[in-house]
Amino acid sequence: MQTILPILAQLEDKLEQRICSRVNHADCCEDILQDVYLKLLQRLPQVEKAENVIPYVMRMADNTVADYFRKNGKVFTNAAEAEQLPAPANEPENLVARLSDSFVGQMIQTLPPIYREALVKTEIEGVSQKQLAAELGMSYSGLKSRVQRAKEMLRAAILNCCDFEFDKYGNIVSCCGEDCA
């Protein structure tokens, strides 16, 4: 444990800066930072075994931010906006109904039925891939491949539909001739 502490002391400011640059609310930033520290403590043996500890920790922070976005959907930029947010809807039916009216929902409907079902059930309705594989009577690795193919098909359909312009980091800077901020 002593080998990692000096590195973490050096990373503290960088971690906070990295997380806060992605989440524009101080309280959420602090919560995510605490989650990262908790994960570091829980996975200390793996962290110490990592060849490059700094990228490992930064990736862990990025994954924790991604988990936060996935769990909360929208990140607010100030307290006034936070008060105006509706209560999160945890019901998959509500999410599916809202998604079906959206552009992405329409694109999902164009997928072949086996891929659409795998994508909707695992990524939107929250059914675990292992559980769905058992329900469909197929192997877990087979279902993982099916979900991955569905994501690739959806991505291709979206990219073919509109003209996207990407920056050097892969971020969308322009779509359909309009700025995407």
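These exercises on the structure above come with worked solutions.

This is a predicted model, in which local features need pLDDT of at least 70 and side-chain atom pairs count only at pLDDT 80 or more, while totals for chains, interfaces and linings use all residues. Residues are numbered from 1 along each chain as its sequence is written, and side-chain values use heavy atoms, with hydrogens and water left out.

**Exercise 1.** Decide whether K39 is buried or exposed, and find the residue whose side chain makes a polar contact with the side chain of K39.

*Solution.* Begin with the relative accessible area of K39, which is 17%. Buried means under 20%, exposed over 50%, and partly exposed in between, with a 1.4 Å probe and protein chains only, so K39 is buried. Next, look for a polar contact (a pair of N or O atoms within 3.5 Å; within protein, one must be able to donate a hydrogen and the other to accept it, and residues adjacent in sequence count only if both atoms are side-chain atoms). The side chains of K39 and D67 are joined by such a contact of 3.3 Å.

**Exercise 2.** Find the cysteine that is joined to C20 by a disulfide, and state the handedness of that disulfide.

*Solution.* A disulfide is a pair of cysteine sulfur atoms within 2.5 Å. C20 is joined to C29, with an S to S distance of 1.7 Å. The torsion about their S-S bond is about -85°, so the disulfide is left-handed. C28, by contrast, is in no disulfide, since the nearest cysteine sulfur, that of C29, is 8.7 Å away. Finally, compare accessibility: C20 is partly exposed at 27%, whereas C29 is buried at 0%.
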